[in-house]
Amino acid sequence: MNRRHCLLPSALLLLAGCGSPQPPDTERRPDPQAAAMRGAVAQPLAEARAAAAATEEAARSGQKAVSAAETVP
């Protein structure tokens, strides 16, 4: 059998195996483990942000007290 005769059926088989890709399922819910992990990470971050805000507020009040003490003769 000639190579050309084998090439056409082989090409048709390869093209038949190639299908159009399926679009991603956008309505899928997140995995329960992922939601639990997101919550476990978010809580310490929120606590750290609150601690940073409290530290900044304490620093501001300390600076105001120092500047008020310096201005008094």
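**Salt bridges and surface**

Guide: E56 counts as partly exposed because its relative accessibility is 47%. Buried means under 20% relative accessible area, exposed over 50%, and partly exposed in between, with a 1.4 Å probe and protein chains only.

Visitor: What kind of model is this, and how are residues numbered?

Guide: This is a predicted model: local features need pLDDT of at least 70, side-chain atom pairs count only at pLDDT 80 or more, and totals for chains, interfaces and linings use all residues. Residues are numbered from 1 along each chain as its sequence is written, and side-chain values use heavy atoms, leaving out hydrogens and water.

Visitor: Back to E56. Which residue does E56 form a salt bridge with?

Guide: R60. Their closest N and O atoms are 3.9 Å apart. A salt bridge here is a side-chain nitrogen of Lys or Arg within 4 Å of a carboxyl oxygen of Asp or Glu.

Visitor: Where do E56 and R60 lie?

Guide: Both are in helix α2, 4 residues apart, about one turn of the helix. Helices (H or I, at least four residues) and strands (E, at least two) are DSSP runs, numbered from the N terminus.

Visitor: How many salt bridges in the structure?

Guide: There are 2. E57 also meets R60, at 2.8 Å, N to O. E57 and R60 are separated by about one helical turn, because they sit 3 residues apart in helix α2.

Visitor: Are E57 and R60 buried or partly exposed?

Guide: E57 is partly exposed, with a relative accessible area of 42%. R60 is partly exposed too, at 41%.

Visitor: New topic. How many helices and strands in the chain?

Guide: The chain has 2 helices and 0 strands.

Visitor: And what share of the chain counts as buried?

Guide: 0% of its 73 residues.

Visitor: Where is M37, and is it buried or exposed?

Guide: M37 is in helix α2, residues 32-71. M37 counts as exposed because its relative accessibility is 52%.
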